[in-house]
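Here is a short tour to read alongside the sequence and the 3D view. Please keep both open as you go.

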Amino acid sequence: MLANTGQFLLVLALCTSAVLMVLPMVGYFKNNEQLMKTGRPLSYLLFVLVLTTFVILVSLFVMQDFSVTYVWQHSSLELPLRYRITATWGAHEGSVLMWVTVQALWIAAVARYSRSLSLSQVSRVLSVLGIIATGFLAFVLFASNPFEITNPAPLDGRDLNPLLQDFGMIIHPPLLYFGYVGLSVAFALAVAALIGGQIDEKWIRWSRRWTNLAWAFLTVGIILGSWWAYYELGWGGWWFWDPVENASFLPWLAGTALIHVQAVSERKNAFRGWTVLLAIIAFSLCVLGTFLVRSGSITSVHSFAADPFRGVFILVLLGIYAGGALTLYALRVNQLRSRDAINLESRETMLLANSLIFITSTFTILLGTLFPMIFEAMGKKISVGSPYFGLMFFLLMIPMAVLLPLGAQLKWHKDKMGAAIKALLPHFFIATALTVGAYFLFDGLNLRATAGIFGGFWIASSSVGQILKFPGRMNAGFVGMSVAHLGVAVFLFGMSMTEHKDVEKDILLKPGQTTQVAGYDFTFNGVSQVKIENYQAQQGSIQVSQNGRPIVELNPQKRFYPKQQQPMTEADIYPGFTKDIYVSLGEAVNDQGDWAVRIYIKPFIRWMWFGGLMMMAGAVIALFSKRSQRLEQQQVDQVMQERLKLS
Amino acid sequence: MKKALIALLPLSIFAALIGLLYVNLSTHSEDLPSPLIGKPVPPFKHPTLYSNQVLTEQDFRGQPWLLNVFGSWCPSCQYEHPLVTALAQSGTIKVVGLNWKDEAVDADRWLRKWGNPYHEILVDYEGDTAINLGVYGAPETFLIDAQGIIVHKITGVLTEENIREQLMPRIEQLRP
C-alpha cells in the first residue's frame, strides 16, 4: 500500500518538475512576471514530494516490506536497523532516488537563497534545474523503479551486500551526491546565462559560492570513499584508479579548475566563456560518471548490476544536457566576449594556468578510463591500470605544485614576476633543506617520493610565509585559500610517504608465535569463533608491542555472511599520527590454528585524508568572505530597489 | 576562424564521445566471433600454479573442459568468480584456469581470498597462450571438447544468462 503511495508521489513529482521545466522559462521568453514567479513555489513543492517519496522507501526498508522487489533484494530479517536504513541507497534504484532527492534539495535551496538574482535570472536557472530533475525522475520511474512489487512476497530477503554494511558506506554516497548535484547549479547558471546571451560579475559571484560548497562536498565524499576502500576492502590500498573512483574524481578535477577560474571572472570581465565551458564540463562529467557506473560499459568492482537499457537512457540524458548546453555554447560564446585585457605577470594568468593544468589532468584521466572502450569499438580489448594513471597524474601535478605558490604570491591585475620569484626564493631553500632532512630521516626516498615531499614543503612553506607576511589580508577568502593550499601540501606529504615508504609483510603465524615488522613485535594469539548480528566471524588476536611494551591488541576478522554466502576480510587498524598499523587475516593454513596474516605499516596515511579535509575546510571558510557577503548584500539591495521601482 | 573553433571544438569532442559510448553500448555484446572456433586449441606447455607439473593441451584430452582466463588484477574476474565456482562445483564440466600475466604470489592471495574453483591452474606469465587464443582481455572462457577442438568462446564475464543460453546447451551436446 505504502509502495503504491510512493509510486504515485513519484509520478506527481515528475509532473511537477516538468511544469517547473516549462513555466518559468516560458515566462522569461514572454516576459510574463506571473509565470516567472511560479518557479520558486514549484521548486518547494518538488522538494516536498521527492523527499516524501524517499522517506517512504526508507520506511519500507525499516518495516521489512518484502512485497517490494527492491526491499527483499537488498535486505533481510536479520539485517540490523541501521543497515536497513542505509540499504535504501545501497543499490541502483534507491541510489538514483537519492540522487533525485538531493537534486530537489539543491533546487529548493537555490529557490530560497537567490535573492541577489533578478526574477528573470532565477526563473531561467530554476527551469534549467527542472530539466535536469525531470530527466532523472523519468529515469527513476521508467528504468529503475524502486517501488516494483513482487507477488507473492518472499518470506525473507537476500540481504545487503556485506561490503556495504559499514559506516563509511552510510555517509559516502550522500556526500558524493551533494557534490555531483551541487555542480548542477553552476551548470544551470551557465546554461541560463547562455540562453540570455549575457553573463556579468553578479551571476558568477552568486554561482561561485554554490560551486565552492559543491566542491567541498565532493572533496569530502571522495576522501570518505578512499578511507572506506582502505579499511573495508582489506588490501591496504587507498586509491585504485578504478573507473568508478575516476567517475568521482573527474568532476572534482574539472570543479577545481572551475573554482579557480571563477575567482578571476567574478572580479573582471575576463575568461567568461571559459568559466561557462568549465561549468558545463564539470556537470557533464558527473552524468558521464553515472553512465559509466550504471551502464556496465566498463566493468569495475563497484558495478554490481548493469543494464543496457539504463545505459541508453543515461546516454540520452547526457546527450540532452551536455549536448544541448554545448550547442548553446557554440551559438552564444562569441557574445560573451571578455573585454578586460589580462596582464601576463598577474595572478589572473596563474589561475588560467591552473585551470589548464587541471583540465588537462581531467582529460588525461578521462582518456585512460575510456581507452579500453575506444579499443573495444575497434574490436580489441585492453585494460589500463594504475601505472598509467599514477605516472600521468604525477607528471601533471609537477607544474601544479611548482606554480601554486607563485600564483598565490602574485597580486591581482599587475605585478612583477621577478619580485615574486625573489620573495619565494627563501621558501625554495627552506623546502630543499627540509626535503634533504626528510631524505635522511626516513633512510632514503625514491624519486617520486622526493619530488612529492619537496612539493609539499614548498607549498607549505610559502603558504605559511604569505600568511605571516600579510596579516592585513586576513579575510575569509585569503584564509580559506591558504588553508586549502596547506591541505594540498599535507596531502602531498602523506601520499608520498604512504606510497613509497610503506612496509608490507605476508607471513604464516602459529599461535603464540611472534614476528617483527618495522620495529614492532606482533604476537599471534590464535583465532576464535564469534557470532555477531547477521554474520559469523573468525576473529584473530594479535598483540602489538614495541620493546616489550604492549601497544594494542588488534582483532582482524574473517567474516561470513550466511545469507549472501560471501566471506569478507575485515582488517583491524591501529591508527596513529605518523603511521597506521594494519593487520588482516588471510586464510587458515591448516587445522592446527596456523594462519596467513598480512601486516602493513602505512606511514602518514592519515595526513593524506587530513589534507583533503583541509582543502574542504578551505572551500567552506571562503564562503564566509566579508567581501563577497558585502557585494552580495549590495546586489540584494539593488534587486529590491528595481522591484520597488517597477511597482 | 578562431572564433568558430572556440565555439565548435567542445561540441565536436562531445559528439565524438557520445558516438563512442553509443557504439560501445551496442557492440558490447559478449559474443564477438572468434576465428578459432572449430579449430584445435593452440599447442601450449605451462607449469601449474599448485600441483607442480607441466601440462600441455594433450593432457586434457578425453573429456570436454572449460578454459577460464583470469588474473588477480582483473576486477571482472572477481565479479564472475562465484559463477565459475558454482559451475565447477556442480560437476557439469571440468574447469581449468589460465592465470594470465599474473604474479604467482598475487594469484595465490587472490585464490585464497575468493576460493579456488579450478581443477588445474595453468600459469601463462608471458601471455603467449593468451595471444595464441586471441584473448582480448580477462576474463574469457573457452569451451573445448574431448578432442581438443574449441567449441565456443565467451568474451567478458560469465553470467547466469550466457551460461544458461550459450554454455549449457553446448555442454549437453558434447555429452557422449
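**Briefing on a predicted model**

Ala518(A) sits in the loop that joins β2 (514-517) to β3 (520-532) of chain A; strands here are DSSP runs of E with at least two residues, helices are runs of H or I with at least four, and both are numbered from the N terminus. This is a predicted model, in which local features need pLDDT of at least 70, side-chain atom pairs count only at pLDDT 80 or more, and totals for chains, interfaces and linings use all residues. Residues are numbered from 1 along each chain as its sequence is written, while chains are lettered from A and ligands numbered from 1 in the order in which they are written.

- Most residues other than glycine have a negative phi.
- Ala518(A), which is not a glycine, has a positive phi near 50°.
- With 15 other C-beta atoms within 10 Å, Ala518(A) is partly exposed; a residue is buried at 20 or more such atoms within 10 Å, exposed at 12 or fewer, and partly exposed in between, with C-beta atoms placed from the backbone.
- Phe604(A) also has a positive phi, of about 55°, without being a glycine.
- The loop between β10 (595-603) and α18 (605-622) of chain A holds Phe604(A), and this residue is buried, with 22 other C-beta atoms within 10 Å.

- Two packed helices are described by the angle between their axes and the distance between the axes.
- Axes are lines fitted to C-alpha atoms, for helices over the stretch in contact, and angles run from 0 to 180 degrees between N-to-C directions.
- Helix α3 (residues 39-62) of chain A and helix α6 (residues 92-112) of chain A have axes that come within 8 Å and cross at roughly 150°.
- α3(A) and α6(A) are therefore roughly antiparallel (over 145 degrees; under 35 is roughly parallel, 65 to 115 roughly perpendicular and the rest oblique).
- Residues making this contact include Phe47(A), Val50(A) and Phe54(A) of α3(A) and Leu97(A), Thr101(A) and Ala104(A) of α6(A); two residues are in contact if their C-beta atoms, placed from the backbone, lie within 7 Å.
- By class, the contact of α3(A) with α6(A) has 15 nonpolar, five polar and one charged residues (Ala, Val, Leu, Ile, Met, Phe, Trp, Tyr, Cys and Pro are nonpolar, Asp, Glu, Lys and Arg charged, and the others, Gly among them, polar).
- α3(A) also packs with helix α7 (residues 119-143) of chain A, at an angle of about 30° and with the axes 10 Å apart.
- That makes α3(A) roughly parallel to α7(A).
- Gly39(A), Ser43(A) and Leu46(A) of α3(A) meet Val122(A), Ser123(A), Leu126(A), Ser127(A) and Ala133(A) of α7(A).
- This contact of α3(A) with α7(A) has four nonpolar, four polar and no charged residues.

**Buried Leu285(A)**

- Leu285(A) belongs to helix α11 (residues 272-295) of chain A and counts as buried, with 26 C-beta neighbours inside 10 Å.
- Ala247(A) is 38 residues from Leu285(A) in sequence and 7.5 Å away in space, C-alpha to C-alpha.
- Beyond its neighbours within four places in sequence, Leu285(A) contacts Leu250(A), Pro251(A) and Ala254(A).

**Chain B**

- Chain B has five helices and seven strands, following the pattern α-β-β-β-α-β-α-β-α-β-β-α along the sequence.
- Of the 176 residues in chain B, 36% are buried.
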